[in-house]
Amino acid sequence: MSWKRYQNEFIAISTFILMILAYMYKHNQVVSHVEESKSVTYTLEEIKEGIALKKIWTDKKINKKIEVFKIIVPSSKVSWSKKNKKITASYQGLSSNELNNLIIKILNTPVQITLLDIQKTGLTYNMEFKCKW
Amino acid sequence: MNFIRKTKELLLAHTSMQRVTLSKSVNVMLTPQFYTLKKEELPVKYAYQAKKIAPSLFEGLLEDGGTYDYIVFKEGDAWVFIAYDIERIRKFLQSKGIAIEKISKLFFAQQSVNSFTTPLSLSDKESLAVIDDTVVVVPSIALSDKGQSVLVFDEKFTPKEGGFSIKGTTKNSMITQTQALSLAAIFMLFAGIFMVEGSRYTGENQVENEELQSLYEEYPALENTSTRKNIIDKYKNIDSAERKKRDVIKSLSKMIFKGVTLNSVAMNEKSFKAQFSCIDNDVAKRVKKLAKKLHYNTSKVKNSTDLTVEGTL
(Lines give C-alpha, C1' and ligand atoms only; values in the text may rest on other atoms or scores of the structure.)
Protein backbone atom coordinates (compact mmCIF):
# COMPACT_ATOMS: atom_id res chain seq x y z
CA MET A 1 0.00 0.00 0.00
CA SER A 2 1.43 3.32 -0.97
CA TRP A 3 1.02 6.14 1.55
CA LYS A 4 0.54 8.49 -1.37
CA ARG A 5 -2.91 7.00 -1.88
CA TYR A 6 -3.90 8.36 1.50
CA GLN A 7 -1.80 11.52 1.51
CA ASN A 8 -4.87 13.76 1.73
CA GLU A 9 -6.12 11.98 4.82
CA PHE A 10 -2.57 11.95 6.16
CA ILE A 11 -2.28 15.74 5.76
CA ALA A 12 -5.67 16.35 7.39
CA ILE A 13 -5.12 13.90 10.25
CA SER A 14 -1.56 15.02 11.03
CA THR A 15 -2.58 18.68 11.20
CA PHE A 16 -5.60 17.69 13.29
CA ILE A 17 -3.27 15.87 15.71
CA LEU A 18 -1.04 18.93 15.76
CA MET A 19 -4.05 21.05 16.64
CA ILE A 20 -5.00 18.64 19.46
CA LEU A 21 -1.42 18.75 20.78
CA ALA A 22 -1.48 22.55 20.66
CA TYR A 23 -4.81 22.51 22.53
CA MET A 24 -3.33 20.15 25.15
CA TYR A 25 -0.34 22.47 25.50
CA LYS A 26 -2.67 25.42 26.04
CA HIS A 27 -4.83 23.43 28.49
CA ASN A 28 -1.75 22.37 30.49
CA GLN A 29 -0.49 25.93 30.54
CA VAL A 30 -3.86 27.15 31.85
CA VAL A 31 -4.05 24.40 34.51
CA SER A 32 -0.47 24.93 35.68
CA HIS A 33 -1.03 28.69 35.69
CA VAL A 34 -4.14 28.32 37.88
CA GLU A 35 -2.36 25.90 40.21
CA GLU A 36 0.73 28.07 40.46
CA SER A 37 -1.42 31.14 40.97
CA LYS A 38 -3.33 29.38 43.79
CA SER A 39 -0.11 28.20 45.39
CA VAL A 40 1.56 31.61 45.19
CA THR A 41 -1.55 33.37 46.52
CA TYR A 42 -1.84 30.87 49.38
CA THR A 43 1.85 31.23 50.27
CA LEU A 44 1.59 35.03 50.13
CA GLU A 45 -1.45 35.05 52.42
CA GLU A 46 0.25 32.61 54.78
CA ILE A 47 3.40 34.71 54.94
CA LYS A 48 1.49 37.96 55.40
CA GLU A 49 -0.56 36.39 58.18
CA GLY A 50 2.61 35.06 59.81
CA ILE A 51 4.31 38.44 59.59
CA ALA A 52 1.24 40.21 60.99
CA LEU A 53 0.94 37.77 63.92
CA LYS A 54 4.65 38.02 64.62
CA LYS A 55 4.45 41.81 64.63
CA ILE A 56 1.60 41.69 67.15
CA TRP A 57 3.10 39.16 69.58
CA THR A 58 6.73 40.26 69.37
CA ASP A 59 6.11 43.98 69.54
CA LYS A 60 9.46 45.75 69.84
CA LYS A 61 7.89 48.52 71.92
CA ILE A 62 6.43 46.09 74.42
CA ASN A 63 8.98 46.99 77.13
CA LYS A 64 7.64 50.54 77.12
CA LYS A 65 4.02 49.49 76.92
CA ILE A 66 4.12 47.20 79.95
CA GLU A 67 5.53 50.00 82.11
CA VAL A 68 1.96 51.32 82.09
CA PHE A 69 0.93 48.36 84.30
CA LYS A 70 3.26 49.81 86.93
CA ILE A 71 2.38 53.46 86.72
CA ILE A 72 -1.37 53.24 86.19
CA VAL A 73 -1.87 52.73 89.95
CA PRO A 74 -0.09 54.44 92.86
CA SER A 75 3.34 52.89 93.32
CA SER A 76 2.53 52.03 96.94
CA LYS A 77 -0.01 49.52 95.69
CA VAL A 78 2.33 47.71 93.29
CA SER A 79 4.99 45.12 93.81
CA TRP A 80 6.83 44.68 90.48
CA SER A 81 9.28 42.10 89.24
CA LYS A 82 10.62 41.92 85.68
CA LYS A 83 12.94 39.14 84.54
CA ASN A 84 13.94 38.62 80.93
CA LYS A 85 10.63 38.64 79.13
CA LYS A 86 8.44 37.91 82.11
CA ILE A 87 6.62 40.09 84.61
CA THR A 88 5.21 39.26 88.01
CA ALA A 89 3.12 42.04 89.51
CA SER A 90 1.18 42.15 92.77
CA TYR A 91 -1.39 44.82 93.38
CA GLN A 92 -2.88 45.55 96.81
CA GLY A 93 -5.90 47.56 97.78
CA LEU A 94 -7.11 48.49 94.29
CA SER A 95 -10.38 50.34 93.97
CA SER A 96 -12.85 49.01 91.44
CA ASN A 97 -11.97 51.87 89.08
CA GLU A 98 -8.25 51.15 89.36
CA LEU A 99 -8.91 47.47 88.77
CA ASN A 100 -11.02 48.27 85.73
CA ASN A 101 -8.40 50.54 84.20
CA LEU A 102 -5.66 48.02 84.86
CA ILE A 103 -7.63 45.16 83.32
CA ILE A 104 -8.44 47.24 80.20
CA LYS A 105 -4.73 48.06 79.78
CA ILE A 106 -3.78 44.39 80.15
CA LEU A 107 -6.39 43.31 77.62
CA ASN A 108 -5.12 45.83 75.07
CA THR A 109 -1.45 44.98 75.46
CA PRO A 110 -0.04 42.08 73.41
CA VAL A 111 1.34 39.99 76.27
CA GLN A 112 0.69 36.36 77.08
CA ILE A 113 -1.25 36.19 80.33
CA THR A 114 0.02 33.27 82.40
CA LEU A 115 -1.73 34.14 85.65
CA LEU A 116 -4.49 36.51 86.71
CA ASP A 117 -5.72 36.22 90.25
CA ILE A 118 -8.17 38.79 91.63
CA GLN A 119 -9.46 38.60 95.17
CA LYS A 120 -11.89 40.97 96.86
CA THR A 121 -10.96 41.96 100.38
CA GLY A 122 -13.57 44.21 101.91
CA LEU A 123 -14.10 47.11 99.54
CA THR A 124 -10.83 46.76 97.65
CA TYR A 125 -9.21 44.21 95.40
CA ASN A 126 -5.88 42.44 95.47
CA MET A 127 -4.51 41.19 92.19
CA GLU A 128 -1.62 38.99 91.14
CA PHE A 129 -0.64 39.16 87.52
CA LYS A 130 1.99 37.23 85.55
CA CYS A 131 2.69 37.58 81.89
CA LYS A 132 5.37 36.98 79.24
CA TRP A 133 6.09 38.07 75.67
CA MET B 1 25.55 23.67 -19.89
CA ASN B 2 21.98 22.80 -20.90
CA PHE B 3 19.53 25.69 -20.53
CA ILE B 4 16.63 23.82 -22.07
CA ARG B 5 13.95 22.60 -19.64
CA LYS B 6 13.97 18.82 -19.42
CA THR B 7 10.50 17.59 -20.40
CA LYS B 8 9.09 14.28 -19.25
CA GLU B 9 7.93 11.70 -21.72
CA LEU B 10 4.45 12.51 -22.99
CA LEU B 11 2.03 9.65 -23.46
CA LEU B 12 -1.06 10.03 -25.63
CA ALA B 13 -4.01 8.31 -24.02
CA HIS B 14 -6.73 7.11 -26.39
CA THR B 15 -9.24 4.29 -26.25
CA SER B 16 -7.41 2.11 -28.78
CA MET B 17 -3.98 2.42 -27.16
CA GLN B 18 -1.94 -0.60 -26.17
CA ARG B 19 -1.25 -1.54 -22.56
CA VAL B 20 2.02 0.04 -21.39
CA THR B 21 4.62 -0.62 -18.71
CA LEU B 22 6.14 2.43 -17.11
CA SER B 23 9.45 2.60 -15.29
CA LYS B 24 9.42 6.32 -14.61
CA SER B 25 6.84 9.06 -14.29
CA VAL B 26 5.30 10.50 -17.44
CA ASN B 27 2.98 13.25 -18.58
CA VAL B 28 -0.25 12.11 -20.19
CA MET B 29 -2.20 13.85 -22.92
CA LEU B 30 -5.88 12.97 -23.25
CA THR B 31 -7.67 12.82 -26.58
CA PRO B 32 -11.19 14.25 -26.98
CA GLN B 33 -12.47 10.74 -26.21
CA PHE B 34 -12.07 11.69 -22.55
CA TYR B 35 -13.47 15.18 -22.46
CA THR B 36 -16.18 17.43 -23.77
CA LEU B 37 -15.17 20.78 -25.17
CA LYS B 38 -17.01 24.00 -25.73
CA LYS B 39 -15.77 27.39 -26.93
CA GLU B 40 -17.57 30.56 -26.02
CA GLU B 41 -16.86 34.25 -26.29
CA LEU B 42 -17.89 35.62 -22.92
CA PRO B 43 -17.61 39.07 -21.36
CA VAL B 44 -15.49 37.83 -18.47
CA LYS B 45 -11.95 38.85 -17.71
CA TYR B 46 -10.59 36.09 -15.54
CA ALA B 47 -10.51 32.29 -15.82
CA TYR B 48 -11.96 31.79 -12.33
CA GLN B 49 -15.01 33.84 -13.35
CA ALA B 50 -15.42 31.74 -16.48
CA LYS B 51 -14.99 28.54 -14.48
CA LYS B 52 -17.94 29.47 -12.28
CA ILE B 53 -20.31 29.34 -15.21
CA ALA B 54 -18.80 26.18 -16.74
CA PRO B 55 -21.36 23.73 -15.23
CA SER B 56 -24.27 25.68 -16.72
CA LEU B 57 -22.62 25.73 -20.17
CA PHE B 58 -22.47 21.94 -20.27
CA GLU B 59 -26.01 21.38 -19.06
CA GLY B 60 -27.56 18.57 -21.11
CA LEU B 61 -24.30 17.86 -22.94
CA LEU B 62 -22.69 15.51 -20.49
CA GLU B 63 -23.50 11.88 -19.78
CA ASP B 64 -25.58 11.26 -16.68
CA GLY B 65 -23.94 9.50 -13.71
CA GLY B 66 -20.51 11.10 -14.11
CA THR B 67 -18.78 13.47 -11.74
CA TYR B 68 -17.32 16.28 -13.79
CA ASP B 69 -14.58 18.76 -13.21
CA TYR B 70 -13.82 21.69 -15.48
CA ILE B 71 -10.81 23.56 -16.75
CA VAL B 72 -10.98 26.85 -18.57
CA PHE B 73 -8.37 28.62 -20.66
CA LYS B 74 -8.32 31.28 -23.29
CA GLU B 75 -7.70 30.81 -26.98
CA GLY B 76 -7.68 34.14 -28.80
CA ASP B 77 -10.90 35.92 -27.88
CA ALA B 78 -12.76 32.77 -26.92
CA TRP B 79 -12.84 30.87 -23.68
CA VAL B 80 -12.28 27.12 -23.99
CA PHE B 81 -14.25 25.04 -21.51
CA ILE B 82 -13.32 21.40 -20.98
CA ALA B 83 -15.45 19.06 -18.88
CA TYR B 84 -13.94 15.75 -17.82
CA ASP B 85 -14.77 12.85 -15.52
CA ILE B 86 -11.61 12.18 -13.52
CA GLU B 87 -12.85 8.81 -12.26
CA ARG B 88 -13.42 7.57 -15.79
CA ILE B 89 -9.95 8.81 -16.83
CA ARG B 90 -8.36 7.18 -13.82
CA LYS B 91 -10.04 3.83 -14.47
CA PHE B 92 -9.04 3.90 -18.09
CA LEU B 93 -5.39 4.77 -17.38
CA GLN B 94 -5.15 2.06 -14.73
CA SER B 95 -6.67 -0.47 -17.16
CA LYS B 96 -3.81 0.35 -19.53
CA GLY B 97 -1.15 -0.25 -16.86
CA ILE B 98 -0.55 3.40 -16.10
CA ALA B 99 -0.30 3.71 -12.32
CA ILE B 100 -1.62 6.98 -10.96
CA GLU B 101 1.62 7.49 -9.02
CA LYS B 102 3.51 7.46 -12.31
CA ILE B 103 1.50 10.28 -13.80
CA SER B 104 3.17 13.62 -13.33
CA LYS B 105 0.67 15.81 -15.18
CA LEU B 106 -2.42 15.41 -17.30
CA PHE B 107 -3.02 17.53 -20.41
CA PHE B 108 -5.82 17.76 -22.93
CA ALA B 109 -5.05 17.55 -26.63
CA GLN B 110 -6.80 20.89 -27.13
CA GLN B 111 -4.09 22.57 -25.06
CA SER B 112 -1.59 21.71 -27.84
CA VAL B 113 -3.88 22.48 -30.74
CA ASN B 114 -1.09 24.27 -32.57
CA SER B 115 1.15 21.20 -32.44
CA PHE B 116 -1.31 19.11 -34.47
CA THR B 117 -0.17 20.50 -37.79
CA THR B 118 -1.32 17.36 -39.64
CA PRO B 119 -3.68 14.56 -38.62
CA LEU B 120 -2.23 12.09 -36.14
CA SER B 121 -3.19 8.46 -36.55
CA LEU B 122 -4.48 6.76 -33.41
CA SER B 123 -5.37 3.42 -34.99
CA ASP B 124 -6.41 2.04 -38.33
CA LYS B 125 -9.83 3.52 -37.86
CA GLU B 126 -9.29 6.75 -35.99
CA SER B 127 -7.07 9.82 -36.19
CA LEU B 128 -6.70 13.10 -34.39
CA ALA B 129 -7.19 16.15 -36.53
CA VAL B 130 -7.79 19.84 -36.08
CA ILE B 131 -11.05 21.19 -37.44
CA ASP B 132 -11.96 24.83 -36.79
CA ASP B 133 -9.11 25.16 -34.29
CA THR B 134 -10.44 22.23 -32.29
CA VAL B 135 -8.73 18.89 -31.84
CA VAL B 136 -11.21 16.16 -32.71
CA VAL B 137 -11.19 12.40 -33.33
CA VAL B 138 -12.15 11.63 -36.90
CA PRO B 139 -12.43 8.37 -38.83
CA SER B 140 -9.16 7.79 -40.69
CA ILE B 141 -11.08 6.98 -43.78
CA ALA B 142 -12.37 10.54 -43.95
CA LEU B 143 -8.89 11.98 -44.17
CA SER B 144 -7.31 12.76 -47.52
CA ASP B 145 -3.94 11.17 -46.67
CA LYS B 146 -5.78 8.03 -45.35
CA GLY B 147 -3.92 8.13 -42.03
CA GLN B 148 -0.53 7.94 -43.59
CA SER B 149 0.59 10.79 -41.36
CA VAL B 150 4.23 11.46 -40.70
CA LEU B 151 3.44 13.46 -37.59
CA VAL B 152 5.32 11.97 -34.66
CA PHE B 153 3.79 12.38 -31.25
CA ASP B 154 6.47 13.16 -28.65
CA GLU B 155 7.22 15.45 -25.69
CA LYS B 156 7.26 18.47 -28.04
CA PHE B 157 3.45 18.30 -27.78
CA THR B 158 3.66 19.10 -24.06
CA PRO B 159 1.92 22.44 -23.44
CA LYS B 160 3.97 25.02 -21.60
CA GLU B 161 1.26 25.41 -18.96
CA GLY B 162 -2.17 24.19 -17.96
CA GLY B 163 -1.43 20.65 -16.83
CA PHE B 164 -3.00 19.28 -13.68
CA SER B 165 -2.10 16.54 -11.26
CA ILE B 166 -4.27 13.49 -10.80
CA LYS B 167 -2.44 12.38 -7.65
CA GLY B 168 -4.39 14.67 -5.34
CA THR B 169 -7.64 12.98 -6.28
CA THR B 170 -6.73 9.35 -5.73
CA LYS B 171 -9.57 6.87 -5.75
CA ASN B 172 -9.04 5.72 -2.18
CA SER B 173 -9.06 9.23 -0.78
CA MET B 174 -12.22 10.23 0.98
CA ILE B 175 -11.28 13.87 0.54
CA THR B 176 -9.73 15.82 -2.29
CA GLN B 177 -6.38 17.56 -2.05
CA THR B 178 -8.10 20.95 -1.92
CA GLN B 179 -10.31 19.80 0.94
CA ALA B 180 -7.28 18.31 2.71
CA LEU B 181 -5.33 21.54 2.36
CA SER B 182 -8.30 23.61 3.50
CA LEU B 183 -8.74 21.41 6.56
CA ALA B 184 -5.00 21.51 7.23
CA ALA B 185 -5.04 25.30 7.03
CA ILE B 186 -7.94 25.51 9.50
CA PHE B 187 -6.31 23.05 11.90
CA MET B 188 -2.98 24.86 11.66
CA LEU B 189 -4.72 28.16 12.33
CA PHE B 190 -6.34 26.78 15.48
CA ALA B 191 -3.05 25.12 16.49
CA GLY B 192 -1.33 28.50 16.14
CA ILE B 193 -4.03 30.24 18.19
CA PHE B 194 -3.75 27.59 20.94
CA MET B 195 0.05 27.85 20.97
CA VAL B 196 -0.05 31.64 21.22
CA GLU B 197 -2.73 31.53 23.94
CA GLY B 198 -0.77 28.86 25.82
CA SER B 199 2.49 30.77 25.65
CA ARG B 200 0.76 33.88 27.00
CA TYR B 201 0.20 32.09 30.31
CA THR B 202 3.96 31.82 30.84
CA GLY B 203 5.04 34.40 33.42
CA GLU B 204 1.49 35.54 34.21
CA ASN B 205 2.15 35.28 37.98
CA GLN B 206 5.08 37.66 37.77
CA VAL B 207 3.63 40.31 40.10
CA GLU B 208 2.78 37.78 42.82
CA ASN B 209 6.14 36.07 42.43
CA GLU B 210 7.99 39.37 42.74
CA GLU B 211 6.03 40.22 45.89
CA LEU B 212 6.83 36.77 47.25
CA GLN B 213 10.53 37.18 46.47
CA SER B 214 10.68 40.56 48.18
CA LEU B 215 9.03 39.05 51.29
CA TYR B 216 11.53 36.18 51.26
CA GLU B 217 14.37 38.71 51.09
CA GLU B 218 12.91 40.62 54.03
CA TYR B 219 12.10 37.49 56.06
CA PRO B 220 14.52 34.75 54.93
CA ALA B 221 13.31 32.37 57.67
CA LEU B 222 9.87 32.23 56.00
CA GLU B 223 11.28 30.89 52.73
CA ASN B 224 11.53 27.36 54.04
CA THR B 225 8.07 25.78 54.05
CA SER B 226 8.44 23.77 57.27
CA THR B 227 10.10 26.65 59.14
CA ARG B 228 7.37 28.96 57.91
CA LYS B 229 4.69 26.52 59.06
CA ASN B 230 6.30 26.22 62.51
CA ILE B 231 6.53 29.99 62.92
CA ILE B 232 2.98 30.57 61.74
CA ASP B 233 1.61 27.75 63.92
CA LYS B 234 3.45 29.13 66.95
CA TYR B 235 2.00 32.63 66.57
CA LYS B 236 -1.43 31.34 65.59
CA ASN B 237 -1.59 29.29 68.79
CA ILE B 238 -0.49 32.28 70.89
CA ASP B 239 -3.00 34.51 69.10
CA SER B 240 -5.98 32.18 69.53
CA ALA B 241 -5.15 31.39 73.19
CA GLU B 242 -4.70 35.05 74.13
CA ARG B 243 -7.82 36.14 72.28
CA LYS B 244 -9.76 33.47 74.19
CA LYS B 245 -8.43 34.70 77.53
CA ARG B 246 -9.38 38.26 76.69
CA ASP B 247 -12.84 37.17 75.51
CA VAL B 248 -13.39 35.33 78.80
CA ILE B 249 -12.39 38.40 80.83
CA LYS B 250 -14.70 40.60 78.73
CA SER B 251 -17.61 38.18 79.10
CA LEU B 252 -17.06 37.92 82.89
CA SER B 253 -17.12 41.70 83.13
CA LYS B 254 -20.49 41.72 81.36
CA MET B 255 -21.87 39.55 84.17
CA ILE B 256 -21.24 42.36 86.64
CA PHE B 257 -24.34 44.54 86.79
CA LYS B 258 -26.58 45.99 89.50
CA GLY B 259 -26.84 43.47 92.31
CA VAL B 260 -23.73 41.52 91.31
CA THR B 261 -20.28 41.90 92.87
CA LEU B 262 -17.14 40.17 91.71
CA ASN B 263 -15.56 38.25 94.59
CA SER B 264 -12.68 36.59 92.80
CA VAL B 265 -11.21 35.66 89.45
CA ALA B 266 -8.50 33.06 88.90
CA MET B 267 -7.14 32.48 85.46
CA ASN B 268 -4.14 30.48 84.30
CA GLU B 269 -3.14 29.22 80.85
CA LYS B 270 -5.64 26.37 80.91
CA SER B 271 -8.72 27.41 82.86
CA PHE B 272 -10.54 30.14 84.69
CA LYS B 273 -12.81 30.40 87.70
CA ALA B 274 -14.80 33.43 88.87
CA GLN B 275 -17.06 33.90 91.87
CA PHE B 276 -19.89 36.42 91.92
CA SER B 277 -21.88 37.59 94.88
CA CYS B 278 -25.52 38.08 93.89
CA ILE B 279 -27.99 40.12 95.83
CA ASP B 280 -30.84 37.59 95.46
CA ASN B 281 -31.83 34.44 93.61
CA ASP B 282 -33.28 36.30 90.63
CA VAL B 283 -29.98 38.09 90.01
CA ALA B 284 -28.11 34.79 90.47
CA LYS B 285 -30.40 33.19 87.87
CA ARG B 286 -29.67 36.02 85.45
CA VAL B 287 -25.92 35.56 85.89
CA LYS B 288 -26.33 31.81 85.49
CA LYS B 289 -28.29 32.32 82.28
CA LEU B 290 -25.56 34.54 80.86
CA ALA B 291 -22.87 32.01 81.81
CA LYS B 292 -24.83 29.12 80.28
CA LYS B 293 -25.21 31.08 77.08
CA LEU B 294 -21.42 31.16 76.84
CA HIS B 295 -21.23 27.43 77.73
CA TYR B 296 -19.48 28.07 81.05
CA ASN B 297 -20.08 25.78 84.01
CA THR B 298 -21.92 27.32 86.95
CA SER B 299 -22.41 26.21 90.53
CA LYS B 300 -24.09 27.81 93.50
CA VAL B 301 -22.19 28.30 96.76
CA LYS B 302 -24.01 26.46 99.58
CA ASN B 303 -26.37 28.49 101.77
CA SER B 304 -25.84 31.68 99.78
CA THR B 305 -26.77 33.42 96.53
CA ASP B 306 -23.13 33.42 95.38
CA LEU B 307 -22.38 31.82 92.03
CA THR B 308 -19.21 30.22 90.72
CA VAL B 309 -18.53 30.35 86.97
CA GLU B 310 -15.73 28.27 85.48
CA GLY B 311 -14.48 26.93 82.23
CA THR B 312 -11.48 25.82 80.23
CA LEU B 313 -9.43 27.80 77.73
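**Notebook: strands, helix contacts and a pocket**

I began with β2(A) and strand β4 (residues 124-132) of chain A, which pair in the antiparallel sense over 7 bridges. Two strands count as paired if DSSP finds at least two bridges between them. Helices (H or I, at least four residues) and strands (E, at least two) are DSSP runs, numbered from the N terminus.

I noted that this is a predicted model, where local features need pLDDT of at least 70 and side-chain atom pairs count only at pLDDT 80 or more, while totals for chains, interfaces and linings use all residues. Residues are numbered from 1 along each chain as its sequence is written, chains are lettered from A and ligands numbered from 1 in the order in which they are written, and side-chain values use heavy atoms, with hydrogens and water left out.

**Chain A strands**

I then turned to β1 (residues 78-83) and β2 (residues 86-94) of chain A, an antiparallel pair with 6 bridges. In β2(A), A:Tyr91 is the bridge partner of A:Val78. A:Ile87 in β2(A) stands opposite A:Lys82. β1(A) and β2(A) make a hairpin with 2 residues between them. In the turn, A:Asn84 has a positive phi of about 50°.

**Chain B sheet**

I found an open sheet of 3 strands in chain B, ordered β1-β2-β6, with parallel pairing. β1 (10-13) and β6 (103-108) of chain B are at the edges with a single partner strand each, so one side of each has no neighbour in the sheet. From one strand to the next the twist averages 25°. β1(B) is joined to β2 (residues 26-30) of chain B by 4 bridges. In β2(B), I traced B:Val28 as the bridge partner of B:Leu11.

I checked α1 (residues 7-57) of chain A against α4 (residues 177-200) of chain B: the axes come within 8 Å and cross at roughly 15°. Therefore α1(A) is roughly parallel to α4(B). Angles under 35 degrees count as roughly parallel, over 145 as roughly antiparallel, 65 to 115 as roughly perpendicular and the rest as oblique. Axes are lines fitted to C-alpha atoms, for helices over the stretch in contact, and angles run from 0 to 180 degrees between N-to-C directions.

The contact of α1(A) with α4(B) has 17 nonpolar, 7 polar and 2 charged residues. I also looked up α1(A) and α6(B), which pack at about 55° with axes 9 Å apart. These two helices are therefore oblique to each other.

**Second largest pocket**

I read off a space of about 390 Å³ for the second largest pocket. A pocket is an open set of points on a 1 Å grid over the protein atoms alone, where a 1.4 Å probe fits, with protein on both sides within 12 Å along at least five of seven lines; lining residues have an atom within 4 Å of a point. Volume is the space filled by probe spheres set on the points.

The lining has 19 residues; A:Leu99, A:Asn100, B:Ser253, B:Ile256 and B:Leu262 are the closest to the pocket's centre. α4(A) gives the most to this lining, with 7 residues.

Methods. Ala, Val, Leu, Ile, Met, Phe, Trp, Tyr, Cys and Pro count as nonpolar, Asp, Glu, Lys and Arg as charged, and the others, Gly among them, as polar.
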